[in-house]
Amino acid sequence: MRTSQAVLAVVLPAVGNRPEGSWHLRSQLNRRQLRALQGLLGAPGLSFLGSWRSNVSRLREVNARLAAGHYTVIEGFLAEEVAQAVLNETLQAKRNGWFGSIGTPMNRSFFAALRQASSPAEQCKLLYQEALQAPKGAGFRFKYNALDAPPDSIAALELPDLTRVAAGLSSQRWLGALAALLTGSDQDTGGARFDAPNVREFLPGDHVLFHNDMKAFDATRRTLCLNYWFPSSLWKPEWGGNFLWCGAPAASNLGITFPSVSRVTPAFNRANLFVPGTETWHAVEPVQASKEVSCQRFAFTSWLNIPFS
């Protein structure tokens, strides 16, 4: 049987019960709704996105997986020339010294245990157990290098393509398309917002521990998480830094297990989306020292926040 809500609350006390957002997820869009979604995504202001936005079959699959509580992967999330330009700007930002380390290093013995784990399911079990032992209210725990550009850098057009993507993701066109994707309707997007991308680099030892991305603010709650990956060359799974999807823990005669576990390699121009909930537990595996120095594991994360009902 599945673990109780109470057990999950111990892992991250901030979870608890959240008020529902004002949008109601629809599990299966009909043909008319899919065509309407395709039209919204085809707006000129969203031309920074890849060709997936015009693929009705792909859009149907994305909607179905999100509504079912799974993550969905979109290859070629950005238009190829935009993705390459964003990478080039981020590499220049790194050369400019605009990245800084934040977070707490992982315990060495736990790092070794994760590295020696025989499978992703075993990693999830270790992460779950570590989270249970964390101080109450420890919340989101991580270590990575975050882009911290000078306040006037974007205004000075030193990051024009990243600025274009950030503006597009915060636009009413994108919010309207997300409303159609998640609800199948022209949902009122008043009060909704899509956060600016948090650009990160994961160096050896960097990681993100067990969490589910649920978060509520005074008037809004997170309704969609977008992870976008753009390493500077082919990323090898053995270097770590992979997206580890644990899903919901389940109790069995073998103890805690993770039936829906999977791993996603952070390939160039690949995105991962999911609707945060009490069963969307995941992590980022620690990057190993074996990573080639010439390959940077860049990523950004953004969230859709919608008003409470």
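**Close-up views: a disulfide and a helix face**

**View 1. Cys124 and Cys246 form a disulfide, with 2.1 Å between their sulfur atoms.** A disulfide here is a pair of cysteine sulfur atoms within 2.5 Å, and a search of the whole structure finds one. The link of Cys124 and Cys246 is left-handed, with -90° about the S-S bond. Cys124 sits in helix H6 and Cys246 in the loop between strand E8 (243-245) and strand E9 (250-252), so the pair ties together parts that are 122 residues apart in sequence. Helices (H or I, at least four residues) and strands (E, at least two) are DSSP runs, numbered from the N terminus. This is a predicted model, in which local features need pLDDT of at least 70 and side-chain atom pairs count only at pLDDT 80 or more, while totals for chains, interfaces and linings use all residues. Residues are numbered from 1 along each chain as its sequence is written, and side-chain values use heavy atoms, leaving out hydrogens and water.

**View 2. Cys225 has its closest cysteine sulfur in Cys246.** That sulfur is 14 Å away, too far for a bond. Cys225 is buried at 0% relative accessibility (buried means under 20% relative accessible area, exposed over 50%, partly exposed in between; 1.4 Å probe, protein chains only).

**View 3. Helix H5 (residues 108-116) has buried residues Phe110, Phe111 and Leu114.** Seen down the axis of H5, these fall within an arc of 105°, so they line one face of the helix; the arc is that of the directions from the helix axis to the C-beta atoms. Arg108, Ser109, Arg115 and Gln116 are exposed on the other side of H5.
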